[in-house]
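Biologist: Please show me the structure, and then let us go through what the labels on it rest on.

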Amino acid sequence: MKATLLLQARTNSSRLPAKVLLPVGQGQVPLIVLAARRAGNTGHQVTVVTSREPSDDVLCDVLAKWGVNYFRGELENTLKRFVDAIEGLPDEHIVVRLTGDNALPDGAFVDEMLEDFEQKQLAYLGCGGETSGLPYGVSAEITRASHLREAHRKTASSFDREHVTPWIIAKYGRSNFERYRLLGMTQYRCTVDTLDDYLTVARLFAHSDEPESMPLRVLLERLKTESMDLVTEAPASRMVLGTAQFGLNYGIANKTGRPQQELVNDMVRTAIKNGVQYVDTARAYGDSEQVLGKALAEGWSSRATVITKLSLLDDCPLDADPNVVSAFAERSVYQSSHMLRVSMLDVLLLHRASHLTAWGGAVWRAVGQLRQKGVVGELGVSVQSPEEALAALEFDAVSVIQLPFNILDYRWESVIARISEVRKHRRLVVHARSALLQGLLTTDDQDLWKRARCQNADQILGWLREQANRHSKGDVVEFCVRFSLSQDWIDGIVLGLDTKEQLLNNLRIMGMKPWTPEQLTKIVEDRPVIPKETLDPATWIKTNA
């Protein structure tokens with residue numbers, strides 16, 4: 001079937017370098033050229049869509065030298081660029097969108113998607129995510145010229161214009177190409193955003209005299225052998241990497257102290273490679289933001305969503321007027337941006353729920369204004385109790401809630417019901433921290449339990465050991481984390497770590513099958529009651545040691 005393949009080489013936020021060369025056979029081929037040739041290697045006409053900016057002259061020179069068609073359009077309006085590139089084509093004409101930094105999709109793969117698109121008589125077909133079975137980077141989108149034109153006429157959203165297809169998906173629905181679902185390679189990655197990405201893809205094509213003709217399946221088998229740092233069978237997408245330990249000697253049972261920068265880099269990048277999507281930090285976590293910013297350098301920040309928290313604002317006067325409060329909030333946000341080495345914070349949480357209403361609501365208004373300016377992406381709140389969670393859920397702009405939850409915590413039933421109601425009307429992400437209660441649940445040190453204001457430690461430890469023996473071969477950490485992971489109202493589990501061994505163990509647990517509601521009910525039917533004070537580390541007895 002006849003289709004036009006548009007290979008996107010530039011957006012208004014990033015540009016594919018024109019001279020990224022891949023070693024193939026006895027020579028080298030620019031990545032963008034290889035992507036174009038592979039996409040068209042069964043006869044498709046491919047056009048690289050880029051901008052009219054002078055900085056893209058080099059890219060176009062490279063394309064012309066290698067005989068690849070290209071079209072130049074507006075930089076700030078990618079959707080219009082696509083519409084202009086298909087001028088003159090009939091409305092029913094099929095358009096395939098690919099991205100220039102992904103060189104593995106080939107003509108045969110595109111043909112398979114086109115066949116699915118036609119057979120099902122779809123308005124839109126995409127490929128990506130866990131249902132695809134394919135690595136991140138083996139993807140394409142298919143629609144018709146009329147839908148692109150309609151989106152261009154009707155959308156006023158800058159997001160829609162940058163990403164081309166969201167308006168079409170919103171109106172006509174998203175159908176996913178799932179022919180490779182059983183392949184189970186969604187935790188792998190073969191796009192080129194970082195140096196590590198490039199080195200991996202370069203090795204896939206190295207020594208091949210006809211890289212454009214290498215079958216996708218052959219490349220995927222090579223990708224498996226090149227991705228030795230993957231330890232999960234599926235992406236650990238529900239693990240949130242906690243980083244308090246990177247900036248503080250955090251945790252009541254912490255015996256190793258803060259990890260060094262080199263180890264942090266390794267742990268952060270290994271976590272991301274294995275599908276961890278969120279990384280959690282805060283202004284109050286000592287040097288955590290700065291350490292994390294270094295670990296996410298060299299392109300890694302684009303591969304994860306960083307959540308940070310506003311400062312505790314302890315130095316803001318209690319009688320400060322709104323302008324002063326706003327200045328304190330802005331200072332915290334810009335300090336976080338500087339330390340994390342980003343121009344915009346992905347997610348900003350209030351570290352204290354009381355700051356929703358403190359100073360007459362000045363803090364919340366200030367961060368809301370920063371979001372409107374594009375300095376902050378999403379807003380949320382870190383809460384300590386069910387009462388705080390319920391109060392936070394009344395604010396429509398709250399799209400992320402972080403709360404403490406563990407196997408012994410019995411307080412959240414009313415909140416679970418409210419979360420379900422809120423999700424019917426707006427986006428809401430819920431992350432649970434303290435699955436191990438800052439490490440308390442992993443130690444039998446009676447002095448530490450006393451510091452945590454718990455007088456029935458023997459009863460609790462005995463129950464934990466019994467349940468762990470029954471459900472996780474005696475592994476208390478696995479038992480506790482898996483219990484939190486099995487809560488269907490929780491989107492992610494914040495897990496801090498001090499060592500690479502802990503990370504690998506956490507990733508292993510993330511791949512385990514959740515327990516059923518019936519199993520969860522059975523587990524907690526004889527759960528001992530823990531003092532309320534023990535569930536709140538803020539009430540624990542401090543030590544000068």
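Modeller: This is a predicted model. By the distance rule for sulfur atoms, the count of disulfides comes to zero.

Biologist: How do you know that Cys454 is in no disulfide?

Modeller: A disulfide needs two cysteine sulfur atoms within 2.5 Å. For Cys454 the nearest cysteine sulfur, that of Cys480, is 14 Å away, so the pair is too far apart for a bond.

Biologist: Why is Cys480 called buried?

Modeller: Buried means under 20% relative accessible area. Cys480 has 0% relative accessibility, so Cys480 counts as buried. Cys454, at 2%, also counts as buried.

Biologist: What makes a set of residues a nonpolar core?

Modeller: The members are buried residues of nonpolar kinds or Cys, Trp and Tyr, joined through side-chain atoms within 4.5 Å. The largest such core here has 97 residues, and Leu403 and Trp359 are among those that touch the most other members. Helix α14 (residues 358–372) gives the largest share of this core, eight residues. A second, separate core has 54 residues, including Ile32 and Tyr188.

Biologist: How do you know that the span of helix α11 is close to the one expected?

Modeller: The expected span is 1.5 Å times one less than the number of residues. Helix α11 (residues 261–273) has 13 residues, for which 18 Å is expected, and it reaches 18 Å from its first C-alpha to its last.

Biologist: Which elements do the buried residues of α11 pack against?

Modeller: They pack against β10 (239–242), α10 (244–247), α12 (288–295) and α20 (500–510). Val268 and Ala271 are among these buried residues.

Key: Residues are numbered from 1 along each chain as its sequence is written. This is a predicted model: local features need pLDDT of at least 70, side-chain atom pairs count only at pLDDT 80 or more; totals for chains, interfaces and linings use all residues. Side-chain values use heavy atoms; hydrogens and water are left out. Buried means under 20% relative accessible area, exposed over 50%, partly exposed in between (1.4 Å probe, protein chains only). Helices (H or I, at least four residues) and strands (E, at least two) are DSSP runs, numbered from the N terminus. Contact means heavy atoms within 4.5 Å.
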